[in-house]
Amino acid sequence: DRQIVMNAHCQLPTIAGKHSDINTITPATAVDLLNGVYKHQFDEVFIIDCRYEYEFTGGHIKTAVNLDQSQVLDKFFNKPITEKRVAIVFHCEFSSKRAPASWRALRNRDRQVNLVRYPQLYYSDIYLIEGGFKAFYSAHMDYCNGTYREMKDQNFTSQLKLCKKTEFYPKNEKFIYFRFK
């Protein structure tokens, strides 16, 4: 088990995850969040599942919404949530690539739109579930609908190929570049 760290900039207990720039929580902390343990700290909680649609439809955390990186930015910046205390929790299959990229995209956009108000952000409490859906499902399947479907499930090879063709991740994930409309 990793040591829980209380970060002065975070409302939730975090751990030292594999992405040093990302606030990482354990699956157990995500369950506590879902169970209302932190309801006095947040008015609204979003669980963002960054897996491909076929993975999500196979099974997901009960309150999760399935959004890709561009959908995340649209959801939270077309009309920023400013009147509520919000927690946003990202995950993908392992929380290795897709979810960290979306986490960074949200943080980068938030910094860009709030440049004149630095260090203020719309969304200061954004997190990543350590180990992703695989770890969450293994420990807390009663908080999930469906089952765990792997990205490389042999029954979905054509969907995987299509998804891989349409995604975009920069080589250096720490710097995400945007095209503004």
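The legends below describe close-up views of one predicted protein model.

In this predicted model, local features require pLDDT of at least 70 and side-chain atom pairs count only at pLDDT 80 or more, while totals for chains, interfaces and linings use all residues. Residues are numbered from 1 along each chain as its sequence is written, and side-chain values use heavy atoms, with hydrogens and water left out.

**Figure 1. Overview of the protein.** The secondary structure comprises 6 helices and 9 strands; helices (H or I, at least four residues) and strands (E, at least two) are DSSP runs, numbered from the N terminus. Of the 181 residues, 48% are buried, a term that denotes under 20% relative accessible area, with exposed being over 50% and partly exposed in between (1.4 Å probe, protein chains only). Among contacts with a separation of 6 or more, 70% join residues 24 or more positions apart; contact means heavy atoms within 4.5 Å.

**Figure 2. The crossing of helices α1 and α5.** Helix α1 (residues 27–34) and helix α5 (residues 132–140) have axes that come within 9 Å and cross at roughly 70°. Axes are lines fitted to C-alpha atoms, for helices over the stretch in contact, and angles run from 0 to 180 degrees between N-to-C directions. The two helices are therefore roughly perpendicular to each other (angles under 35 degrees count as roughly parallel, over 145 as roughly antiparallel, 65 to 115 as roughly perpendicular and the rest as oblique). The crossing of α1 and α5 is right-handed; a crossing is right-handed if the near helix is turned clockwise from the far one by less than a right angle, and left-handed if anticlockwise. From α1, Pro27, Ala28, Ala30, Val31 and Leu34 meet Ala135, Phe136 and His140 of α5. These residues divide into 7 nonpolar, 1 polar and no charged, where Ala, Val, Leu, Ile, Met, Phe, Trp, Tyr, Cys and Pro count as nonpolar, Asp, Glu, Lys and Arg as charged, and the others, Gly among them, as polar.

**Figure 3. Proline 27 and its surroundings.** Proline 27 belongs to helix α1 and counts as buried, at 14% relative accessibility. Leaving aside residues up to four places away in sequence, proline 27 touches Ile129, Glu130, Ala135, Phe136 and His140. Proline 27 and histidine 140 are 113 residues apart in sequence, yet 7.8 Å apart in space, C-alpha to C-alpha.

**Figure 4. The crossing of helices α3 and α4.** The axes of helix α3 (residues 69–77) and helix α4 (residues 98–113) come within 9 Å and cross at roughly 35°. Gln69, Val72, Leu73, Phe76 and Phe77 of α3 form the contact with Ala101, Ser102, Ala105, Leu106, Arg109, Asp110 and Val113 of α4. By type, the residues in this contact are 8 nonpolar, 2 polar and 2 charged.

**Figure 5. Cysteine residues.** The structure contains 0 disulfides, a disulfide being a pair of cysteine sulfur atoms within 2.5 Å. For cysteine 50, the nearest cysteine sulfur belongs to cysteine 92 and is 6.4 Å away. Cysteine 50 is buried, with a relative accessible area of 5%, and cysteine 163 is also buried, at 18%.

**Figure 6. Backbone features in two loops.** Most residues other than glycine have a negative phi, and most peptide bonds are trans. Serine 95 has a positive phi, near 55°, and lies in the loop between β7 (86–91) and α4. Serine 95 is buried, with a relative accessible area of 2%. A cis peptide bond, with omega of about 10°, joins tyrosine 118 and proline 119. Proline 119 is found in the loop between α4 and β8 (125–129).
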